[in-house]
Structures are given as structure tokens and as C-alpha cells.
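Dear colleague,

Please find below the sequence and structure for your review. A summary of what was found follows directly after them.

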Amino acid sequence: MTIISPHDSSSTSSCSSSSSSSSDENSTPTKTDKQTAADEFTHRFSPDLPVAFTRLRKGKKKRRTRYLNLEKTFLLSVLICGFVTISFIEYHYFYNNNRAVNPSSLSSLLSDTIIELPGTTHKNDAWRSSKISHSRCRQKSPSRPWAQSKNLPEYLKAYLDWHVEMRCVMEQNHLQQKYLVVQCLKEFSRCGGFADRFKSLPVYVFEAYKMNRILLIQWTKPFPLEEFLIAPPFGINWTVPEWLLVPSNTHITRYTQFGNTNNYQSQVVLTTRLQNPAVAYYNSRVFREFNERIYTYSRIYHDLFFSMFNLVPPLHSMLEGRMEQLALTPGEYTSVHVRARHPDSGFYNDSKTIDKSGGLIFQGRTKDKLVASIQKALNCASILAGNNSTPIYFTSDSHHATKYALHIFMPSTSHPIVGITHAVEPLHLDEPHFFSRKPSDYYATFLDMWVLSNSQ
């Protein structure tokens, strides 16, 4: 038995040290006082605190996402408001410019220097890739088609001269000018055929003269007019430049609306589309304005038309070939055109869609009435041609009528009847299937009109 004295401190220290080292080797590390206090606080006062921290983190993430979405929405709203504001300013500045055009205001700016007109280039084919010859202008050039005309009144010549001058500088100060645009767009339900579109030409020119507006023509139905016609050398450039914003809504659709043009003074670009008979309106309008009846509609039309239009080079080559093929000399033959498919012709009792869609059946009562009309027209042309042997050019919107006139009809005079026989009916410019066509499909209409216009 071992007796340990309470005064033996070394033994006690040794035993304690041995016991402590043994305990440290066999037990886990103990927590600090702070950790223990935190665990006790969590257990006693907030047993769900980890869940709360998780919810807090998710809430912060949602708020951050919501803030980013609000920021994106705000930036998008700023962009939209800026775009709308700029568009409104441009619209207000362009379409509500009330400054009128003075026809003589720019005469001092023009000299004998040749100036290229804007908006006269074309994109396809050789004749479209370069400047057209009519894109040059000189002040009071004697080469202008109307300069030597005896069938055009002085007011008309003055307007045509002014039109050329305005086109020479139009791109530089277009905001000081106003425009009258004749439209035929694809979205229009109807524009009419060749005659309906061009018979109001004298009215358009006269009203543009009265309103000091530059006359322009815009077609997209069936194709742009520039696919068929261009201006003659030193003639009127009626093409719409790409930078000019033309509204698609038509402002004037009746002649009587021209009598109250004060309603349209704020419109920089005024659009129109007319199909009603123009002869009586033009004659009465000019008589009221100038108190003269010399320069009537029928007298001025030919020279006015050819002061503004010429065939595009492909069509012009075809015209020369046809005139040579038929041995026709301009001014030395008589022409006949029989409009067989017109709804008011009385040749058929079928639907009026035949006019634009085609499909005239050349038999029965329709054939009898049409043959009678052909014979009457050719006999009348023979009388007009006189006792010489000049040819008679015959054409029609029905290929059956043309075949009959050229190959079946027996003329009672010495005048030879010539023309071109088509395998199918010529297309109407307002026919409904123009989306599947190409410009050359409509060449026959323009070619016929030019041959007819070259007759006596």
C-alpha cells in the first residue's frame, strides 16, 4: 500500500498530468464559449433561423431580378419614346411645311450648266444602270419637246419649264417644294387600264400648275411605270425619288375636289387618282380660268403626252421592229382599235370580269355583234384614208377580233390591213393575277398604243 502525503506536490502533479494527457487523447475537441452561447441562443429563441436565412437569400435574389427587369423596361421605354418623338418631329416638319413654291424663285439659280436630276437611275439591265438621257436640263433649252409646239398654250409651256427647273434643284431644297403625286398602288382595288390611267393627264398638269406643285407619277400595279415608260430627252422627269415619303392614302379621287384645294395647303405631298371622263372637266376648267376655247383637251393631249413619256429602250426596239415588219411609216397609215372586252361594249352578256380577266368567247351572238363592229370600223378607216393605198393598222383587246380582221375580213378597198396576231388575249393593266406576271407580259399594250399614236 502506497501512502501519498498531501504535502507531496510532485506526485500529485505527476498523476494529474498523466490523467489529463490520457483524457485529451480519447475525447473530441470542445467548442469555444462563443460557439456554445450561439448554439444555446439558437436552440432556445429561434429554432427555424437557418430556414429564415434561406428565405432571406431567396428574397434578395428575387428583388435583384425584379430590379433588373425594371431597368430593362425603363431603357426600352426610353428608346420607344425617343423613336416616337423623332418620328413625330420629322412628320410635323415634312408634312406640315406651309411654305409655298414660287415658280420664278429659282430661275436666277439656273444657268446653261448641265445639272443631273436626282432619282433617274435604274437598277437592272444596261439601260437601267446608267443615267438616262433625259436627266439633263438647261434653262429654256430649245431641245425641250414642247418648245416648238403650236398645240400647247403658253401657261402649259411655262409650267413644264418650271417643272424642269424644280427637278434640277429638288434634292437640295425639297422641303421648300410641294408635290402632286398620281398613284396606282398594289393595295388599290382598281386603277383602270391604259386609258383610265392616262386620260386625266391634262387635268393633272393643269391642277399642278394652279397649285404650284411638282407633278410626279407613282405606280406599283402591275409594276412601276418606269418598267414601261421614261421621259423623253430634256422632257419632264415625273419619277418619284426614293427619299420622298409618299402617303399611301389618296387625297383626291374626284375632279370636284380640285376646286377646293385650300383644304390641302398644309399637305406637302398631295396624292390623287382619277378615272372619270376628263374632257368636259378640262375644257370647262380652262375656259373659266383663261376665257378661251382654242386649246382644247383633244388639241393639247398628243403634244403634252409626248412631252412626258417615251418607251423604255427594250420596248422602243420592239416598236422599230414592228414598224419595219409591217412597212408602216409614221403619219402615213390609218389605225383602228376595237375595244371588244369593255363592259359597256355590248358584245357579250357574260360577267364584267371578262374585261380584266379575259376569256371572251368568240361565237354565237357575241361573234356576230363583234364582226359587225369590225367591219364598220374598217370601212370607216378606209374612208378616212382616202383613195390612196396606204395601209390600215388593226388591233384589239381580243386576239379573235384581230385574227378575223387580218385573215377573214374581205375589204372593199385597196387599203391593205396589217397588224400583229397574238396567240392569247392581251393583258389588261388592272388584271387580278399581276403578282405572277413579269413586266414584259404587258409590253403588247404599250406597243399597240405607240403604233396607234404614230398613225395619221
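The protein chain contains 14 helices and 10 strands; helices (H or I, at least four residues) and strands (E, at least two) are DSSP runs, numbered from the N terminus. This is a predicted model, in which local features need pLDDT of at least 70 and side-chain atom pairs count only at pLDDT 80 or more, while totals for chains, interfaces and linings use all residues. Residues are numbered from 1 along each chain as its sequence is written, and side-chain values use heavy atoms, with hydrogens and water left out.

Overall burial and contacts

Of the 456 residues in the protein chain, 42% are buried; buried means under 20% relative accessible area, exposed over 50%, and partly exposed in between, with a 1.4 Å probe and protein chains only. Among the contacts in the protein chain with a separation of 6 or more, 74% are between residues 24 or more positions apart, where contact means heavy atoms within 4.5 Å.

Nonpolar cores

In soluble globular proteins, nonpolar side chains tend to be buried together. The largest nonpolar core has 84 residues, of which Leu229, Phe309 and Phe446 touch the most other members. A nonpolar core is here a set of buried Ala, Val, Leu, Ile, Met, Phe, Trp, Tyr and Cys residues joined through side-chain atoms within 4.5 Å. Helix 5 gives the most to this core, with nine residues. A second, separate core has 21 residues, including Val371, Ile392, Phe409 and Ile417. Residues up to four places away in sequence not counted, Leu229 touches Phe198, Trp238, Phe309, Asn310, Leu311, Val312, Phe446 and Trp450.

Helix 5

Apart from neighbours within four places in sequence, His163 is in contact with Ile214, Leu215, Ile236 and Asn237. Ala158 also lies in helix 5, but is partly exposed, with a relative accessible area of 43%. Ala158 and Tyr209 are 51 residues apart in sequence, and their C-alpha atoms are 9.0 Å apart in space.

Helix packing

Two packed helices are described by the angle between their axes and the distance between the axes. The axes are lines fitted to C-alpha atoms, for helices over the stretch in contact, and angles run from 0 to 180 degrees between N-to-C directions.

Helix 10 (residues 313-325) and helix 14 (residues 443-453) cross at roughly 55°, and their axes come within 10 Å. Helix 10 is therefore oblique to helix 14; angles under 35 degrees count as roughly parallel, over 145 as roughly antiparallel, 65 to 115 as roughly perpendicular and the rest as oblique. The crossing of helix 10 with helix 14 is right-handed, a term used if the near helix is turned clockwise from the far one by less than a right angle, with anticlockwise counting as left-handed. The contact involves Pro314, Leu315, Met318, Leu319, Arg322 and Met323 of helix 10, together with Tyr443, Phe446, Leu447, Asp448, Trp450 and Val451 of helix 14. These residues divide into 10 nonpolar, no polar and two charged. Ala, Val, Leu, Ile, Met, Phe, Trp, Tyr, Cys and Pro count as nonpolar, Asp, Glu, Lys and Arg as charged, and the others, Gly among them, as polar.

Helix 12 (residues 364-385) packs against helix 13 (residues 399-407) at an angle of about 50°, the axes being 11 Å apart. Helix 12 is thus oblique to helix 13, and their crossing is right-handed. Leu370, Val371, Ile374, Gln375 and Leu378 in helix 12 meet Ala401, Tyr404 and Ala405 in helix 13. The contact comprises seven nonpolar residues, one polar and no charged. The buried residues in helix 13 are His399, Ala401, Thr402, Tyr404, Ala405 and Leu406, and their cover includes helix 12, strand 9 (392-396) and strand 10 (417-418).

Backbone geometry

Most residues other than glycine have a negative phi, and most peptide bonds are trans. Lys221 and Pro222 are joined by a cis peptide bond, with omega about -5°; Pro222 is in the loop between strand 4 (214-219) and strand 5 (229-230). Phe234, although not a glycine, has a positive phi of about 60°. Phe234 lies in the loop between strand 5 and strand 6 (269-272) and is buried, with a relative accessible area of 18%. Ala327 has a positive phi near 55°. Ala327 lies in the loop between helix 10 and strand 8 (334-338) and is exposed, at a relative accessible area of 60%.
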